[in-house]
Amino acid sequence: MFAEASGGTAGGASDAASGGTPDDASAAPDDAQRGGRKRGTRRFPLWTRDTARPEGGGRAAPGDAPAPARQWPLISVLALTGLGLLLTAFDVFRVGTMLVGVALLAGAVMRWVLPGVGMLAVRSRFTDMLTYGILGLAIVLLAMMAQPDPWLTIPFLQDTLHFTVR
């Protein structure tokens, strides 16, 4: 049982075929001595030695380009978010917060369209698009509903707010 969890094979027959015994898993020769052939197992290893890069997490530009050029998707989202926060600090609240939401929506679109987005890829492509899209849409809608003089009125959200704030 412990040999299976540590990367050994599931059955004793294949151990015997590779030259080892089922009880003698530690004495089995390494891959180089067996001609580069690996023992087959479908189980995950007990100890993880490395983490995989997320899908699309490669460079957005060639490796010889400077770092800002390789990470332009992340830098563009951060720059747009920073501009939105700056506008919010200078009392242009609605436009600034909408710009933050638009930056997240732009990140979701870039994650969907571009094959490599560098460090903008954090999780799987689907999870990143869903996360950036939902958060961006929520921020834009809430910014449009902000008081005074909201640009957008969603009745059930107003009823929920009045019910919870009473």
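This is a predicted model: local features need pLDDT of at least 70, side-chain atom pairs count only at pLDDT 80 or more; totals for chains, interfaces and linings use all residues.

Student: Which elements does the protein chain have, and in what order do they run?
Tutor: From the N terminus, the order is α-α-α-α-α-α-α. That's seven helices and zero strands.

Student: Where does D91 sit?
Tutor: D91 is in the loop between α4 and α5. Its phi is near 70°, a positive value in a residue other than glycine.

Student: Why is D91 called exposed?
Tutor: Relative accessible area decides that: buried is under 20%, exposed is over 50%, and partly exposed is in between (1.4 Å probe, protein chains only). D91 has 69%, so it counts as exposed.

Student: What about D149, buried or exposed?
Tutor: D149 comes out at 62%, so it is exposed too. D149 belongs to the loop between α6 and α7 (155-165), and although it isn't a glycine, its phi is positive, about 55°.

Student: How much of the protein chain counts as buried?
Tutor: Of its 166 residues, 26% do. The accessible surface of the protein chain is about 11,700 Å², and carbon and sulfur atoms own 66% of it. Those areas come from the Shrake-Rupley method with a 1.4 Å probe; for residues, only the protein chains shown count as cover.

Student: What makes α4 and α5 antiparallel?
Tutor: Two packed helices are described by the angle between their axes and the distance between the axes. The axes are lines fitted to C-alpha atoms, for helices over the stretch in contact, and angles run from 0 to 180 degrees between N-to-C directions. Under 35 degrees counts as roughly parallel, over 145 as roughly antiparallel, 65 to 115 as roughly perpendicular, and the rest as oblique. For α4 and α5 the angle is about 170°, with the axes 6 Å apart. Therefore the two helices are roughly antiparallel to each other.

Student: Which residues form that contact?
Tutor: Contact means heavy atoms within 4.5 Å. Among the α4 residues are W72, V77, L80 and L87, and the α5 side includes F93, L99, V102 and M110. The residues of this contact divide into 14 nonpolar, seven polar and no charged. Here Ala, Val, Leu, Ile, Met, Phe, Trp, Tyr, Cys and Pro count as nonpolar, Asp, Glu, Lys and Arg as charged, and the others, Gly among them, as polar.

Student: How do you know that α5 and α6 are antiparallel as well?
Tutor: The axes of α5 (residues 93-113) and α6 (residues 125-144) come within 8 Å and cross at roughly 160°. That makes α5 roughly antiparallel to α6.

Student: Is their crossing left-handed or right-handed?
Tutor: Left-handed. A crossing gets that name if the near helix is turned anticlockwise from the far one by less than a right angle, and right-handed if clockwise.

Student: And who meets whom there?
Tutor: R94, M98, L105 and W112 are among the α5 residues, and α6 brings, among others, R125, D128, Y132 and I139.

Student: What makes V122 partly exposed?
Tutor: V122 has a relative accessible area of 47%, so partly exposed is the label. It's in the loop between α5 and α6, and its C-alpha is 8.5 Å from that of R53, 69 residues away along the chain. Not counting residues up to four places away in sequence, V122 touches P54, D128 and Y132.

Note on methods
Residues are numbered from 1 along each chain as its sequence is written. Side-chain values use heavy atoms; hydrogens and water are left out. Helices (H or I, at least four residues) and strands (E, at least two) are DSSP runs, numbered from the N terminus.
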